[in-house]
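Student: Hi! Could you walk me through this one while I have it open on my screen?
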Amino acid sequence: MVGLKPRNDLGRKKIAVLSSEDSVNCSVAFKVEITKRRKALIIQVFCRHLMFIRGQLPIPYRELKRGFTEDQKPSQKQRKLKKLVQALDSFSDSVVSLLSKVDVRQIVFLLGASVNNPREVYAIEFS
């Protein structure tokens with residue numbers, strides 16, 4: 001079972017990011033075993049989606065990746081987006097490779113100016 005929830009408690013330090021009204025819990029039960037590799041892929045997809053909904057990607061990752069054709073001369077914007085996709089692919093491959101080797105029980109995404117002052121906190125817990 002995978003649980004996804006914004007969090008306002010990170011270990012010893014209490015962070016007043018979310019009130020209890022803002023907190024959302026979501027549990028998902030899978031019919032198959034969640035292996036290390038599947039956990040890594042879940043985290044990868046969530047990270048990509050989070051980047052899109054937070055405005056870091058102009059369109060969902062799959063559409064962004066599909067949008068390149070080699071037939072025409074790419075514009076400057078298309079070249080930048082292609083470079084972004086290549087960097088994301090490299091980062092994602094590294095994350096999946098690393099997380100496929102360890103048993104991840106929880107991963108936390110902190111969004112904001114710094115880790116000391118996050119505006120949003122998302123935690124994925126595997127149980």
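Tutor: Happy to. A term to begin with: the expected span of a helix is 1.5 Å times one less than its number of residues. Helices (H or I, at least four residues) and strands (E, at least two) are DSSP runs, numbered from the N terminus. This is a predicted model, where local features need pLDDT of at least 70 and side-chain atom pairs count only at pLDDT 80 or more, while totals for chains, interfaces and linings use all residues. Residues are numbered from 1 along each chain as its sequence is written, and side-chain values use heavy atoms, with hydrogens and water left out.

Student: Okay, how does the span of helix H3 work out?
Tutor: Helix H3 covers residues 76-99, and its 24 residues should span 34 Å at 1.5 Å a residue. The C-alpha atoms at its ends are 34 Å apart, which agrees.

Student: Which residues of H3 are buried?
Tutor: Buried means under 20% relative accessible area, exposed over 50%, and partly exposed in between (1.4 Å probe, protein chains only). In H3 the buried ones are Leu81, Val85, Leu88, Asp89, Ser92, Val96 and Leu99.

Student: And what do they pack against?
Tutor: The buried residues of H3 pack against helix H1 (36-53) and helix H2 (61-66). Take glutamine 44, which lies in helix H1. Setting aside neighbours within four places in sequence, glutamine 44 is in contact (heavy atoms within 4.5 Å) with Ser92 and Val96.

Student: Is glutamine 44 buried or exposed?
Tutor: Glutamine 44 counts as buried, because its relative accessibility is 12%.

Student: Switching to charges. How many salt bridges are there?
Tutor: A salt bridge here is a side-chain nitrogen of Lys or Arg within 4 Å of a carboxyl oxygen of Asp or Glu. By this rule there are four salt bridges. One of them joins the side chains of aspartate 103 and lysine 39, at 2.8 Å from N to O. Aspartate 103 lies in the loop between H3 and E5 and lysine 39 in helix H1, so this pair ties together parts that are 64 residues apart in sequence.

Student: What about arginine 48 and aspartate 89?
Tutor: Their side chains meet in a salt bridge too, at 3.9 Å from N to O. Arginine 48 lies in helix H1 and aspartate 89 in helix H3, so the pair ties together parts that are 41 residues apart in sequence. Arginine 48 is buried, with a relative accessible area of 17%, and aspartate 89 counts as buried at 17%.

Student: Which ring does the charged end of arginine 48 sit over?
Tutor: That of tyrosine 61, 3.8 Å from the ring centre. The rule asks for NZ of Lys or CZ of Arg within 6 Å of the ring centre and within 35 degrees of the ring normal.

Student: What does arginine 54 pair with?
Tutor: Arginine 54 forms a salt bridge with glutamate 120, and their closest N and O atoms are 3.0 Å apart. This pair links distant parts of the chain: arginine 54 is in the loop between H1 and H2, glutamate 120 is in strand E6, and they are 66 residues apart. There is also a network: salt bridges that share partners join Arg48, Lys65 and Asp89.

Student: Which residues does arginine 54 touch?
Tutor: Not counting residues up to four places away in sequence, arginine 54 touches Leu111 and Glu120. Arginine 54 and leucine 111 are 57 residues apart in sequence and 9.3 Å apart in space, C-alpha to C-alpha. Leucine 111 has glutamate 120 in E6 as its bridge partner.

Student: How do E5 and E6 pair?
Tutor: They pair in the antiparallel sense over eight bridges; two strands pair if DSSP finds at least two bridges between them. E5 and E6 form a hairpin with two residues between them. Strand E6 (residues 117-126) is mostly covered, with seven of its 10 residues buried.

Student: Last topic: how many aromatic pairs?
Tutor: Two, by the rule used here. Rings of Phe, Tyr and Trp (its six-membered ring) pair if their centres lie within 6.5 Å; planes under 30 degrees apart count as stacked, over 60 as edge-to-face and the rest as tilted. The rings of phenylalanine 46 and phenylalanine 109 have centres 5.2 Å apart and planes at 50°, so that pair is tilted. Phenylalanine 46 is in helix H1 and phenylalanine 109 in strand E5 (residues 106-114), 63 residues apart. Both phenylalanine 46 and phenylalanine 109 are buried, and Phe46, Phe109 and Tyr122 form one aromatic cluster.
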